[in-house]
2 protein chains.
Amino acid sequence: MKKSIAIDMDQVLADFYSKLCVTYNENFGTNFTDEEFLLTTQRDLPREDAKKLFALLNEPGYFRDLKVLDEDAIDVIRELQEHYEIYIATAAMDVPGSFTAKYDWLMEYLPFIKTQNIVFCGNKAVIHTDYLIDDSPRQLKSFKGTGILYSMPYNRSEEGFMRVNNWKEIKQYFIKQLEIV
Amino acid sequence: MKKSIAIDMDQVLADFYSKLCVTYNENFGTNFTDEEFLLTTQRDLPREDAKKLFALLNEPGYFRDLKVLDEDAIDVIRELQEHYEIYIATAAMDVPGSFTAKYDWLMEYLPFIKTQNIVFCGNKAVIHTDYLIDDSPRQLKSFKGTGILYSMPYNRSEEGFMRVNNWKEIKQYFIKQLEIV
């Protein structure tokens with residue numbers, strides 16, 4: 001039986017932070033570059049600002065026009081699908097306004113993925129696949145299978161996970177797994 | 001650690017078939033009673049009619065006003081939540097127009113469920129919980145944990161699953177599990 005891989009969306013497939021940086025600068029009088037922004041955590045945003053940011057992200061179309069994070073991603077997933085059962089697992093419950101935009105984005109960029117294999121969830125402890133590729137150490141810690149950390153500046157100090165830096169590396173890793181088996 | 005239970009929505013929590021029966025009769029010139037309708041499978045619907053039915057179900061508000069299937073459900077879930085980690089897992093990907101209505105329905109009837117524990121999926125093979133309560137034998141067969149079949153007339157000939165007929169029985173079963181452990 002094929003092994004299964006769950007793939008996170010934001011910052012693994014879709015470039016969420018580039019748009020977030022623009023949104024942030026426009027609304028909070030900051031002047032972050034993309035690079036600086038990827039190092040911030042926004043944890044200390046005042047309550048009112050956090051509410052405003054959430055309202056902006058929760059607009060129905062916000063997630064629809066995100067760019068693909070790595071141009072190799074689509075081809076690699078198409079290829080891996082021949083050997084693995086691929087699921088897309090995104091923590092959409094954090095932003096319920098994003099459901100339709102996320103679904104439409106996946107239909108546009110990954111039309112070859114079965115809709116039955118798309119999962120909108122919250123806590124990824126509930127995901128039952130052999131692997132999960134995610135940029136969030138918190139999600140990987142609660143996941144029960146083999147977690148793979150998609151490297152981002154904000155997770156650079158996390159230890160204890162296998163890391164990948166781009167989709168070429170993801171392809172290499174999973175093709176190698178097939179040879180080992 | 002708490003054991004976890006995933007709960008399906010349609011025909012376990014929400015009374016989807018009553019509304020579907022009305023929709024069906026109004027659109028296809030039939031005259032089914034609720035009871036008759038629960039015995040049909042609609043598998044033989046002509047292609048054009050199936051498309052029309054899907055379009056109707058996919059309207060953004062269709063799933064918003066479903067009644068609660070069993071008046072005990074809410075209280076039982078609230079009580080079980082003290083002893084179990086409860087997830088709601090609904091195959092929403094079949095009807096992507098239903099996302100917001102389903103989310104809002106859950107917020108209305110189960111406001112005490114963490115949004116992080118709501119899952120919109122397709123194939124429930126991807127759900128990692130100890131138990132799944134579902135009316136669909138197909139979903140229970142692909143699920144990896146302990147499946148519990150919520151009895152409905154259309155699944156009456158299925159064997160090999162533990163059955164429950166209502167939420168009082170669900171409560172009894174899970175309270176008993178706690179005593180056994």
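How many residue pairs are in polar contact between domain 1 of chain A and domain 2 of chain A? In this predicted model, local features require pLDDT of at least 70 and side-chain atom pairs pLDDT 80 or more, whereas totals for chains, interfaces and linings use all residues. Residues are numbered from 1 along each chain as its sequence is written, chains are lettered from A and ligands numbered from 1 in the order in which they are written, and side-chain values use heavy atoms, without hydrogens and water.

The count is five residue pairs, both members at pLDDT 80 or more; a polar contact is a pair of N or O atoms within 3.5 Å, one able to donate a hydrogen and the other to accept it, with residues adjacent in sequence counted only if both atoms are side-chain atoms.

Domain 1 of chain A spans 3–15 + 66–180 and domain 2 spans 16–57, with bounds from an automatic or database domain assignment. Contact (heavy atoms within 4.5 Å) joins 12 residues of domain 1 of chain A to eight of domain 2 of chain A. The two domains bury about 870 Å², 68% of it from carbon and sulfur atoms; buried area is the accessible area (1.4 Å probe) lost on putting two parts together, summed over both. A:D15, A:V95 and A:Y154 supply 45% of the area that domain 1 of chain A buries against domain 2 of chain A, more than any other three residues.
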